[in-house]
Amino acid sequence: MAADNNKPEILATKVVAQSRLFKIESLDLRFSNGVERTYERMKPSGRHAVLVVPVTAEGDLLLIREYAAGTDRYELGFPKGLVDPGESAEVAADRELKEEIGFGARQLRPLKEVVLAPSYFSSRMTLFLAEDLYPERLAGDEPEPLEIVRWPLSQAEELLTHVDFAESRSITALFLALQQLSR
């Protein structure tokens with residue numbers, strides 16, 4: 001495993017494209033063996049995100065069905081969102097639960113911090129398991145009401161085969177939550 005001190009030298013960076021939400025950055029790199037290459041990545045925003053696997057006292061997973069512009073369809077997944085400036089990941093996870101499913105959590109267990117496509121993105125997401133839920137709703141920023149789907153934890157393996165449950169972060173979180181719950 002290469003140590004961080006052998007990382008490529010960044011010779012130049014420049015924004016090559018941007019939209020309202022994203023900036024694409026070009027990086028000219030020189031590797032320790034002298035090879036030079038140009039890579040592109042989403043310019044780091046410095047904002048992190050959370051995704052939460054809520055489990056009710058009755059043994060149900062609480063999922064949401066919401067429109068995903070990338071796939072142009074409604075996807076089934078767990079509550080998620082950005083960490084606001086000044087917030088901890090735990091506070092953001094609890095806030096997202098209240099905004100998206102109308103529950104807070106008395107117990108939030110961090111499962112893992114993950115990165116989606118590290119060759120192109122630097123954004124990190126902390127996955128949580130939420131238990132001991134209680135009703136509390138906060139206004140969210142979703143453009144339409146989210147459909148809340150209760151799924152029996154005992155049928156979690158069937159969820160993995162559901163056509164609408166395809167997001168890799170939700171699948172990863174489910175596996176990690178099941179592992180944590182089996183301990």
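Q: Hi! How many salt bridges does the count come to here?
A: The count comes to 19, where a salt bridge is a side-chain nitrogen of Lys or Arg within 4 Å of a carboxyl oxygen of Asp or Glu. This is a predicted model, where local features need pLDDT of at least 70, side-chain atom pairs count only at pLDDT 80 or more, and totals for chains, interfaces and linings use all residues. Residues are numbered from 1 along each chain as its sequence is written, and side-chain values use heavy atoms, leaving out hydrogens and water.

Q: Which residue does E58 form a salt bridge with?
A: E58 pairs with R150, and their closest N and O atoms are 3.9 Å apart. E58 lies in the loop between β4 (49-54) and β5, while R150 is in strand β10 (residues 147-152), so the pair ties together parts 92 residues apart in sequence. Strands (E, at least two residues) and helices (H or I, at least four) are DSSP runs, numbered from the N terminus.

Q: And where do K98 and D94 lie?
A: Both are in helix α1 (residues 89-100), four residues apart, about one turn of the helix.

Q: New topic: what is phi of D72 near?
A: Phi of D72 is near 55°, a positive value in a residue other than glycine. Most residues other than glycine have a negative phi. D72 counts as exposed because its relative accessibility is 57%.

Terms used: Buried means under 20% relative accessible area, exposed over 50%, partly exposed in between (1.4 Å probe, protein chains only).
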